[in-house]
Amino acid sequence: MNIGGGAGVADDNTSSSSFMQLSHEVWQRYQHLLDKSTPLVLYRWIFLAAIAAVDPEIQGLADGPALPTRASEEFRPFVRRLPEFKFWHLLIKAFCVALLLTFFSAFDVPVVWPILLFYWSVLFFLTMRRQIMHMIKYKYVPFTFGKQRYGKKAAPTDEANTGRP
């Protein structure tokens, strides 16, 4: 006698476990492709350029700051905090998600200023959260109110109290 529908529970477990197994296999294949593409720097960037060619707005981003061309210009070397492969991988994911979202009309949001203000606020908070927390931790206030004075105030002298020179 089967009380409580035990057969349905077994079907749910097998379907969820088969889904988990399938998603794990897809993730393994994806990771294998990433591992094989790691040494192929030129081909990865060509692939990214091919994806970016779909969006005509990307072509206008070429105009920007350039490296110094003369010895008199200042050169400031920098240390990369984000490895090239991780940067490429994040760009590929962003392009793929953006391209996928263009096929659904639910993401066609009308452009009105309150939505843009909210979007800008969320992006600003998400990108500046670490810097703001660092400033709070070390009690750094980027605003100054008036001229800051160092040292002691001059004590009033007896001459000021008596009015004599």
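This is a predicted model: local features need pLDDT of at least 70, side-chain atom pairs count only at pLDDT 80 or more; totals for chains, interfaces and linings use all residues.
Local features here need pLDDT of at least 70, side-chain atom pairs count only at pLDDT 80 or more, and totals for chains, interfaces and linings use all residues. Residues are numbered from 1 along each chain as its sequence is written, and side-chain values use heavy atoms, with hydrogens and water left out.

**Overall fold**

The chain has five helices and zero strands. Its pattern along the sequence is α-α-α-α-α. Helices (H or I, at least four residues) and strands (E, at least two) are DSSP runs, numbered from the N terminus. Of the 165 residues, 6% are buried. Buried means under 20% relative accessible area, exposed over 50%, and partly exposed in between (1.4 Å probe, protein chains only). Take the contacts between residues at least 6 apart in sequence: 71% of them join residues at least 24 apart. A contact means heavy atoms within 4.5 Å.

**Annotated spans**

An unreviewed UniProt entry places the feature "transmembrane region" at residues 87–105 and 111–128. UniProt positions follow the numbering used here, feature names are shortened, and annotations may be inferred rather than shown by experiment. The table gives the computed make-up of each span.

| Span | Helix | Strand | End C-alpha atoms apart |
|---|---|---|---|
| Residues 87–105 | 79% helix | 0% strand | 29 Å |
| Residues 111–128 | 89% helix | 0% strand | 24 Å |

**The α2 and α3 pair**

Two packed helices are described by the angle between their axes and the distance between the axes. Helix α2 covers residues 41–52 and helix α3 covers residues 84–101. They pack at an angle of about 25 degrees, with axes 11 Å apart. Axes are lines fitted to C-alpha atoms, for helices over the stretch in contact, and angles run from 0 to 180 degrees between N-to-C directions. The two helices are therefore roughly parallel to each other. Angles under 35 degrees count as roughly parallel, over 145 as roughly antiparallel, 65 to 115 as roughly perpendicular and the rest as oblique.

From α2, the contact uses Val41, Arg44, Trp45, Phe47, Leu48, Ile51 and Ala52. From α3, Glu84, Phe85, Phe87, Trp88, Leu91, Ile92 and Phe95 take part. These contact residues comprise twelve nonpolar, no polar and two charged. Ala, Val, Leu, Ile, Met, Phe, Trp, Tyr, Cys and Pro count as nonpolar, Asp, Glu, Lys and Arg as charged, and the others, Gly among them, as polar.

**Single residues**

Leu48 sits in helix α2. It is buried, at 6% relative accessibility. Leaving aside neighbours within four places in sequence, Leu48 contacts Trp88, Leu91, Ile92 and Phe95. Leu48 and Phe95 are 47 residues apart in sequence, yet their C-alpha atoms are 8.6 Å apart in space.

Ser37 belongs to helix α1 (residues 6–37). Ser37 is buried too, with a relative accessible area of 14%. Not counting residues up to four places away in sequence, Ser37 touches Arg44, Phe85 and Trp88.

Lys139 lies in the loop between α4 (113–137) and α5 (158–162). Lys139 is exposed, at 74% relative accessibility. Its phi is positive, about 55 degrees, although Lys139 is not a glycine.
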